[in-house]
Amino acid sequence: MSKPLNPWKLTGYKAGQNVACKVVAVEPGGYAVILPKDNLPGFLPTEQKLKPGEEVLAQFVCVHNNRILLSSRFSTTAERPVAQTQQQQVDWHAELTSSGTYSTTGMQEADRAFSVWAQTAPKQFQLKRATDLILPPINGSTPNSFKIADYDLEWLITDLEGGMRTGCVKASSEERLSRSAMLLYRGRAVGCIYGCKTMKDALPTEQSLQMMLADLSLPETKVTIYDLPEDVTLSLSALFLGYPVQRSDELDARSYMDYLCNWFADKGQTACLAITFPATGGTCLGFVHKGQYVGSFYVEDQKYSSDKTFVYELLATDPQAAVEASILPPELTSSAVRFGFSLSMSRPRS
């Protein structure tokens, strides 16, 4: 049995550091790699087409269960061969600290690891990001609704963070003509959707969160809070902060879903399936937590079911149905990473 790697005592490796890695094999969503310098195993999520034996630059995120999680060094362009880029790189820590946009002073490595992942994670597949994409209360959870003027934003953040709440916060502002929804895991935002009549395109989670918190500083903003199960929440968070699985097969939707679920079960993965139905324009989300299928949510009817047969019946109604998947790396919910965005750090400053 190999000796476990200590998450923060790998000599010379820190979150955000540029590292060279060599591709070993294809995996759903990316590639198994090794770090030649120390012959350490890792995983690199990426949409780019790479070949076994090819070396690319990536960023170190963290290590968990004897495997290093990496993030693409070039999130908006293709990874570039190491030989062509090593002389062009600037150390991530020095670059951000000297610019004054990000200070690592006093920040724990676990916070820094999530920050690296959030800034460079693979681009998500696109869904119509309406706030009803986050499911309503299940398992008897009762929502709490109020105007923020009845309390204030400071109280709300303290309640959510201090109470380590796992669930959803939804907000609507008539002043901004906006609606928003925040997915929470243990008091931190692991997904956020923001929309208003003046916006055409959906924003990433971090920007949506900042916009939502700005709305929550307005007295007339209406708020609804409710709890959700941790397994469903973590699965859904993969839609926002995970990495998409690229596919090149010709399987029908049912066969591809079964293939994915078997692979998730074998590897103990947490993931979210996004199933679209062209015939009706509907969307169904499937939730997998540590390899177990825990439920599905049909967005148009706002219906949740823990029975996989529910999805199979939907698939049978539309032969053009399509299945996509996004995986949440297990490293992100380990002790090596403080998963999610801090609400108190994201709120607007006067």
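Analyst: Rings of Phe, Tyr and Trp (for Trp the six-membered ring) form a pair if their centres lie within 6.5 Å, and the pair counts as stacked when the planes are under 30 degrees apart, as edge-to-face when they are over 60, and as tilted otherwise. By this rule a search of the whole structure finds 12 aromatic pairs. The model is predicted, with local features needing pLDDT of at least 70 and side-chain atom pairs pLDDT 80 or more, while totals for chains, interfaces and linings use all residues. Residues are numbered from 1 along each chain as its sequence is written, and side-chain values use heavy atoms, without hydrogens and water.

User: Why is the pair of Phe43 and Tyr243 called tilted?

Analyst: The ring centres are 5.3 Å apart and the planes stand at 40°, so the pair is tilted.

User: What makes this pair of Phe43 and Tyr243 a tie between parts of the sequence?

Analyst: Phe43 belongs to strand 3 (residues 40–45) and Tyr243 to strand 11 (residues 243–244), so the pair joins parts that are 200 residues apart in sequence. Strands here are DSSP runs of E, at least two residues long, and helices are runs of H or I of at least four, both numbered from the N terminus.

User: Is Phe43 buried or exposed, and how do you know?

Analyst: Buried means under 20% relative accessible area, exposed over 50%, and partly exposed in between, with a 1.4 Å probe and protein chains only. Phe43 has 3% and is therefore buried, and Tyr243, at 3%, also counts as buried.

User: What kind of aromatic pair do Phe146 and Trp155 form?

Analyst: Their centres are 5.9 Å apart with 80° between the planes, which is edge-to-face. Phe146 is buried at 9% relative accessibility, whereas Trp155, at 33%, is partly exposed.

User: How do you know that Arg247 lies over the face of Tyr256?

Analyst: A charge sits over a ring if NZ of Lys or CZ of Arg is within 6 Å of the ring centre and within 35 degrees of the ring normal. Arg247 is placed over the face of Tyr256, at 3.5 Å from the ring centre, and Arg254 lies over the face of Tyr312 at 3.4 Å.

User: How do you know that strand 1 and strand 4 pair?

Analyst: Two strands pair if DSSP finds at least two bridges between them. Strand 1 (residues 18–27) and strand 4 (residues 55–64) have 5 bridges, in the antiparallel sense, and Ala20 stands opposite Leu57 in strand 4. A closed barrel of 5 strands, with mixed pairing, runs 1-2-3-5-4.
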